[in-house]
Amino acid sequence: MKKDIIIPEVKDVYVAAVQEWNDDFMEKTWYAYLINDSADKLETVIVVSNAYGQIDGEDRKTSMLRHAFVEVPADTAVKIEMIEESVLQLNNSFMVTFFKDNKLYDKNFVFDANSINENNVTEVPVIFKDGVLIK
């Protein structure tokens, strides 16, 4: 029965967009990070990302990108991907799925359109850099 299914709540795991210098492009670029601010390691982590929304009244959608991490230790962060500047005006979605203590967790973190910008930065836990954080 549906009432017997327990869906655990994701706590102390976040996605953040952090702006860093990129030597290849010789400019600051936004990068997505998976933040594990818990005391437990995350195992078999899968992150599926894409962007969607409207630009000039036309529906736009990017390809899905998939990333896998065998383990994300406690109190660490891993870089997921670079966020292309042209997709900042779209909703950027990061579906995170992982095991912790032999339980399956998942959560969809969404940066709303135009929310990734320097006006919305706060200090990101674990890496202690300025960035846009989604809890």
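Which residue lies over the face of Y105? I looked, and K100 does, at 5.7 Å from the ring centre. For a charge over a ring, I required NZ of Lys or CZ of Arg within 6 Å of the ring centre and within 35 degrees of the ring normal.

**Entry: ground rules.** I am working with a predicted model, where local features need pLDDT of at least 70, side-chain atom pairs count only at pLDDT 80 or more, and totals for chains, interfaces and linings use all residues. I number residues from 1 along each chain as its sequence is written, and side-chain values use heavy atoms, with hydrogens and water left out.

**Entry: rings.** I found two aromatic pairs in the structure. Rings of Phe, Tyr and Trp (its six-membered ring) pair if their centres lie within 6.5 Å; planes under 30 degrees apart are stacked, over 60 edge-to-face, and the rest tilted. I took F94 and F111 up: their ring centres are 6.0 Å apart and their planes stand at 90°, so this pair is edge-to-face. F94 belongs to strand β7 (residues 91–100) and F111 to strand β8 (residues 103–111), so the pair ties together parts 17 residues apart in sequence. Strands here are DSSP runs (E, at least two residues), numbered from the N terminus. Both F94 and F111 are buried, meaning under 20% relative accessible area with a 1.4 Å probe, protein chains only (exposed is over 50%, partly exposed in between).

I then turned to F98 and Y105, which form a stacked pair, with 5.3 Å from centre to centre and 5° between the planes. F98 is buried, and Y105 is too.

I also checked Y14. The charged end of K135 sits over the ring of Y14, 5.6 Å from its centre.

**Entry: the sheet.** In what order do the strands of the open sheet run? I read β6-β2-β1-β10-β9, five strands with antiparallel pairing. β6 (76–83) and β9 are at the edges with a single partner strand each, so one side of each has no neighbour in the sheet. Two strands pair if DSSP finds at least two bridges between them.

**Entry: β10.** Why is strand β10 (residues 130–134) largely enclosed by the rest of the structure? Because four of its five residues are buried. I followed its partners next. Strand β1 (residues 13–22) pairs with β10 in the antiparallel sense over four bridges, and V18 has G131 as its bridge partner in β10. Strand β9 (residues 122–123) also pairs antiparallel with β10, over two bridges. There, E123 has D130 as its bridge partner. I noted that β9 and β10 form a hairpin with six residues between them. In the turn, V126 has a positive phi of about 75°.
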